[in-house]
Amino acid sequence: MNVFDPALRADPFGAYRKLRENGRLHPTGFGIHLVPHYADCAAVLTDPAWGHGYTAGINPFRPGVDPADLPGSFLLLDPPEHGRLRSLVAKAFTPRSVAALRPGITALVDRLLDEALEAGEVDLVAALAFPVPLTTICELLGVPVADHALFGGWTRDISRGLDPDAVLTDAEKAARATAVEEFAAYFTDLIEQRRRAPAGDLLSGLVSAEESGDRLTVKEIVDIGVLLLIAGHETTMNLISSGVLALHRHPDQIAPLLADPATAVEELLRFDTPVPFPTRVAMRDVELAGQELPRGTGVIPLLGSANRDPEVFADPDRLDVRRFAGAAVHRQLAFSHGPHFCLGAPMARLESALTFERLYTRAEVTVITETPEYRPSVSMRGLAALPVSLRRKP
């Protein structure tokens, strides 16, 4: 079964169900297996026997490719390099740092909502889901407001380029290369500006970051910038737009969402996972799902399937925004798990919760189409557009 079939983009969940019912490991060829069950996905994400394998030269997804040539190469590193960079970046996403973003994000969402309500009918992706996380990450990094539009174009081309090269056109691969080159040139210049005159933003912090006498190189800071641009923007954008569509189809969930937006976000992440297809490689011979797999075997943990696994989540195809409210429920895996757990998860949660809370407090939202278009990406799951009608609440 080809879970990457564009025909399944709008509703892959029946295909996931068939995979779960017909085995725990599904070979696809080239030493790569699909992993549809929660327990096995969690095991892969947490076990250090699984990594990315680029630096060891054993990655079957892009054989022979240097991770330095790929966008967001920080994501593709294995220990100890990954842990070193992660420890330096993590300081920017402490609970206190993220909480300090709340007033600015709230003001941003309200400003965008003012404009959308004035228009009456908008594409929710373009009007809200896209600009909220993009503006937030740009402001966090210290990117001048006049340059935010540049970052919007780069994130589109780089995120599309995260898909396996086999599914990309020559034009898409060329656009990725151009975006990475332009981003690196821009960011290198901005780094030098911060070296001369620190500005109190995240980029200034990365330039001066030091852990046990270690400092980041310019290349490492650029790679982290790409990571933050993509991971800090794409996941939240897709969560907001898919969440609004899910709430349109389950309007009884809006009132409980408004009572506890933060808890609701966990269920929306589970219900429609924004990054459903991460990849891992066996760094040594390892057992998974009762099978012995040799070093260099690739697996794709199907997080969208794991988050709908009935062995873990009762009635998994039902949207229940109170599911995670104080109950002993397994965590959803949308932000991964283990050493590669998403550093920006607290920020994404905050942005999404505030957006849902302000949107449904201030507006009556009607989705105009029942068949919205999905983006062509394999590695990211999100809507290309979501036309909505907004009416101001009295």
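Reader: What share of the accessible surface of the chain belongs to carbon and sulfur atoms?

Author: This is a predicted model. The accessible surface of the chain comes to about 16500 Å². Of that surface, carbon and sulfur atoms hold 55%.

Reader: What radius of gyration does the chain have, and why does that agree with a compact globule?

Author: The chain has 394 residues. A compact globule of that length would have a radius of gyration near 21 Å, so the chain agrees with its own value of 21 Å.

Reader: How many of the contacts between residues at least 6 apart in sequence join residues at least 24 apart?

Author: The secondary structure comes to 15 helices and twelve strands. Take the contacts between residues at least 6 apart in sequence. The share that joins residues at least 24 apart is 72%.

Reader: Which strand runs parallel to S2?

Author: S2 covers residues 32–35. Strand S1, residues 26–29, pairs with S2 in the antiparallel sense, over three bridges. Four bridges join S2 to its parallel partner, residues 298–301, which is strand S10.

Reader: Which residue takes a positive phi in the hairpin of S1 and S2?

Author: Two residues lie between the strands of this hairpin. The positive phi is near 60° and belongs to Phe 30.

Reader: Are the side chains of S2 buried or exposed?

Author: Ile 32 and Leu 34 point one way from S2. His 33 and Val 35 point the other way. On either side, these residues are all buried.

Terms used. Residues numbered from 1 in each chain as written. Predicted model: local features only at pLDDT ≥ 70, side-chain atom pairs only at ≥ 80, totals over all residues. Heavy atoms only, no water. Rg over C-alpha atoms; globule rule 2.2 N^0.38 Å. Contact = heavy atoms within 4.5 Å. Areas by Shrake-Rupley, 256 points an atom, 1.4 Å probe, with all protein chains shown as cover. Buried < 20%, exposed > 50% of the residue type's maximum accessible area, 1.4 Å probe, protein only. Pairing = 2+ DSSP bridges.
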